[in-house]
Amino acid sequence: MPELPEVETVRKGLESCLVNFHVHQLEICRDNAIASPGGSKEFAKMMRGVHICSWSRRGKYLIASLKRNKTLSDERLGYKNAGFWVVHLRMTGQFKWLDTATPPCPHTRVRLWNDQGKEIRFIDVRSFGKMWWVPPNKTPEKAIAGIKKLGPEPFSKDFNSSYLSKKLKGRTRPIKSSLLDQSIIAGVGNIYADESLFSSGILPQTPSGKLNQNQITKLCSCLIEVLQISIGEGGTTFSDFRNLEGENGKYGGRAWVYRRGKKPCRKCGTIIRRESLAGRGTHWCPKCQR
Ligand SMILES: [Zn+2]
């Protein structure tokens, strides 16, 4: 599943080609890609004619703010707020920008064109990806339960070692599971949980409440660093993630432990272990992590 660095890479791509995109026409090829009330019909009605103003990200959610031309009946001509377009890529969702008319592949779910016939296409092999139209009188946080329950962004000032130690205090579940919990930190998934635990020298199985203050401080800074490095590399090589140009990220070559089971540790040469933890493949070095 795309995690924070991959979603951030997609956000940058959408921002570069979709700001001021005017949705002239759209086609919903698969109704269940639309999760907002009123389904695909309401979505198509409310999205037709909007201008996309900006793209932001919250956890693994992509959020576009929309505006619409005022009509003659409005008091003054200009633009008015037209709500939000929210997208969650889930396992395999990806956007593709098409400069020229191209026939859709069988996994095409939603297509949007501007008045010059340029297309932004949402393709999703596994079909778990979802999108919403959120009306202007609501915020995405209010309209979508998954956003409402998100913990702080790793790069925000709300995420720091005192916040994390409060959240981990007394918890017996493994620290790996706490890192994957979106209500504790937004946007972290399997890859960056394993990588940040390696960088901070912490065993993934350690009960969350057993970490001392030094370990928590180290974990916070390692997590932020790992995410920043991966954003710089355009996201990960693992998973089906693609940017708008259809390219995979470049982070994979640098991974310390993720998907390196049975290979020697890049730091100490010890064989990397892999085991399932809370249902997720977990990788660690038994010497570097204690
Ligand atoms: Zn090692």
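In which sense do strand 3 and strand 4 pair, and over how many bridges? They pair in the antiparallel sense, over eight bridges, with strand 3 covering residues 61-69 and strand 4 covering residues 79-88. Two strands count as paired if DSSP finds at least two bridges between them. Strands here are DSSP runs of E with at least two residues, helices are runs of H or I with at least four, and both are numbered from the N terminus.

Before I go on, a note on the source. This is a predicted model, where local features need pLDDT of at least 70, side-chain atom pairs count only at pLDDT 80 or more, and totals for chains, interfaces and linings use all residues. Residues are numbered from 1 along each chain as its sequence is written.

Back to the pair. Asn69 stands opposite Tyr79 in strand 4. Both strands belong to an open sheet of four strands, in the order 2-3-4-8, with antiparallel pairing. Its edge strands, each pairing on one side only, are strand 2 (51-58) and strand 8 (130-134). On average, neighbouring strands of this sheet are turned by 20° against each other, direction ignored. Axes are lines fitted to C-alpha atoms, for helices over the stretch in contact, and angles run from 0 to 180 degrees between N-to-C directions.

Helix 1, residues 4-18, packs on the sheet and touches strand 2 and strand 3. Its direction makes about 165° with that of strand 2. Contact means that the C-beta atoms of two residues, placed from the backbone, lie within 7 Å.

Next, the domains. The protein chain is divided into domain 1 (4-147) and domain 2 (161-284), with bounds from an automatic or database domain assignment. Their C-alpha centres lie 30 Å apart. Across the boundary, 19 residues of domain 1 are in contact with 18 residues of domain 2. On the side of domain 1 that touches domain 2, helix 1 gives the most, with ten residues.

Last, the core. A nonpolar core is a set of buried Ala, Val, Leu, Ile, Met, Phe, Trp, Tyr and Cys residues joined through C-beta atoms within 7 Å. Buried means 20 or more other C-beta atoms within 10 Å of the residue's own, again placed from the backbone. The largest such core has 71 residues, and Trp85 and Val188 are among those with the most contacts inside it. Helix 8 (residues 213-232) gives the most to this core, with six residues. At least three residues come from each of domain 1 and domain 2. Val188 touches residues including Glu3, Leu4 and Leu223, not counting residues up to four places away in sequence.

Terms used. A residue is buried if 20 or more other C-beta atoms lie within 10 Å of its own, exposed if 12 or fewer, and partly exposed in between; C-beta atoms are placed from the backbone.
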